[in-house]
Amino acid sequence: MIIYNIGELVGIVPEGVLRKCGAEMSEVGTLHNAWLRIEGGRIAGFGRMEDLSTSLEMTDSLEMTDSLDAGGGMVMPAFCDSHTHVVYAGSREGEFLDKINGLSYEQIAARGGGILNSSDLLHETAEDELYEQSMVRVREMMSKGTGAMEIKSGYGLNPADELKMLRVIRRIRESVPASVRATFLGAHAVGRGYTHEAYVQEVIDMMPQAAELVDFVDVFCDKGFFSPEETSRILTEGAACGLRAKIHANELAVSGGVEVGVSHGALSVDHLERTTQAQIDALKGSGTMPTMLPGSSFFLGLPYGKGKDFIEAGLPLALASDYNPGSSPSGDMRFIMALGCVRMRLTPLQAFNAVTLNSAYAMGLSGETGSITPGKRADVILTEPGWNITRLAYNYTTPFIKKVFIGGKGLQD
Ligand code: NIG
Ligand code: FE
């Protein structure tokens with residue numbers, strides 16, 4: 001099919017560019033007054049409207065009759081969300097009130113709330129029900145323009161319930177058009193009934209079975225959760241089972257998680273609300289994507305990651321939603337982009353690259369999606385007329401989506 005009369009086609013990236021670093025984050029390939037051709041679910045080509053007739057003649061033999069008038073709307077890559085915990089049971093609205101009344105995330109966790117509260121709810125919830133509840137969120141994310149997402153376990157916290165979560169993630173992956181990547185986050189908190197040491201060993205023991213269902217291993221390496229040494233042991237076992245690392249680091253304190261992640265060749269280190277020059281230096285020259293989650297800063301009232309410093313140091317930066325019941329109950333990537341601009345002072349172009357190509361990189365998918373590149377999956381958003389990248393973040397609550405295509409198929413079709 002051909003989408004024509006596109007006001008701005010944005011996010012054009014040459015083949016082979018898998019992430020944007022430093023000054024490149026301010027560049028967004030754009031074509032005004034354009035068309036985009038989709039074949040077999042993939043981007044087959046694009047060009048300027050004045051060249052469309054020539055292109056149509058060239059492809060006439062393919063009997064392409066299917067076309068869509070974009071009416072001057074913008075076409076952009078679908079959002080990529082490289083860090084979510086959308087498989088969970090129930091909600092934590094009660095803790096929301098505790099939080100409003102002044103308790104911190106750590107105080108709520110210390111009272112047996114937080115992650116353990118979600119773990120108890122998940123334990124009581126049947127697998128089919130967990131799938132249905134999670135799918136409501138996944139459908140909402142897709143309708144808001146997310147075409148690829150990572151989902152973590154970590155509310156099971158014992159072998160049976162972690163595997164239940166991982167099977168649900170697998171089922172979601174098999175039933176939605178969006179690309180889904182799965183991560184084993186057994187080390188999210190110490191499961192009930194375990195000593196700290198016994199639970200770390202349990203996570204290590206679970207690894208071979210979990211590895212059959214996931215792409216990555218993650219550890220919450222932070223104050224009050226898991227230490228860098230424990231993280232290193234868990235990542236070593238993950239690597240032995242073929243899993244690349246992703247890390248939760250520096251959300252509650254400067255944790256050592258960045259350094260341990262980089263030394264294990266982590267694909268990403270995430271959160272980074274509290275980060276010093278030492279972590280920036282550790283990331284330089286690595287293939288690890290620093291990923292910030294401004295939705296958590298917003299909801300928990302934490303500092304925002306200093307993304308600008310990372311970019312000025314020549315590093316790449318990704319942004320993700322962290323969609324979860326405790327610290328970020330939203331998977332709206334356009335809101336994340338707006339927070340990146342308003343609170344982290346990223347430019348709209350930097351934030352745009354952070355929520356598309358770089359977030360795709362952070363889940364090993366940037367060869368497949370995250371930009372307008374011939375051969376990539378046709379995961380794109382068609383906006384209403386009059387939109388551009390800056391306005392996405394500026395008019396941050398105004399509906400802008402006309403149609404979301406994932407793998408070349410309209411979500412609503
Ligand atoms: O990424 N920080 C650890 N894990 C989640 C929060 C999980 C929860 O509170 O349920 C996060 O913020
Ligand atoms: Fe998280």
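A polar contact is a pair of N or O atoms within 3.5 Å. In this predicted model, Arg92 meets that cut-off: an N or O atom of the Arg92 side chain is 2.8 Å from an oxygen atom of ligand 1.

His271 places a polar side-chain atom 2.8 Å from a ligand 1 oxygen. For His85, a polar side-chain atom lies 3.3 Å from an oxygen atom of ligand 1.

## The site and its shell

Where does ligand 1 sit? The space that ligand 1 takes is the largest cavity.

Around the ligand there are 15 residues. Those that come nearest are Tyr105, Tyr155, His188, Glu251 and Ser327. Sorted by class, the shell holds eight polar, four nonpolar and three charged residues.

## His85 in context

His85 belongs to a loop. That loop runs between strand E6 (79-81) and helix H2 (93-100).

Is His85 buried or exposed? The cut-off for buried is under 20% relative accessible area. His85 has a relative accessible area of 2%, so it counts as buried.

The side chain of His85 has a protein partner too. A polar contact of 3.4 Å links it to the side chain of His248.

How values were computed. Residues are numbered from 1 along each chain as its sequence is written. Chains are lettered from A and ligands numbered from 1 in the order in which they are written. This is a predicted model: local features need pLDDT of at least 70, side-chain atom pairs count only at pLDDT 80 or more; totals for chains, interfaces and linings use all residues. Side-chain values use heavy atoms; hydrogens and water are left out. A residue is near a molecule or strand if one of its heavy atoms lies within 4 Å of it. A polar contact is a pair of N or O atoms within 3.5 Å; within protein, one must be able to donate a hydrogen and the other to accept it, and residues adjacent in sequence count only if both atoms are side-chain atoms. On a 1 Å grid over the protein atoms alone, a cavity is a set of points where a 1.4 Å probe fits but cannot get out, and a pocket is an open set with protein on both sides within 12 Å along at least five of seven lines; lining residues have an atom within 4 Å of a point. A molecule sits in a cavity or pocket if more than half of its atoms lie within 2 Å of its grid points. Ala, Val, Leu, Ile, Met, Phe, Trp, Tyr, Cys and Pro count as nonpolar, Asp, Glu, Lys and Arg as charged, and the others, Gly among them, as polar. Helices (H or I, at least four residues) and strands (E, at least two) are DSSP runs, numbered from the N terminus. Buried means under 20% relative accessible area, exposed over 50%, partly exposed in between (1.4 Å probe, protein chains only).
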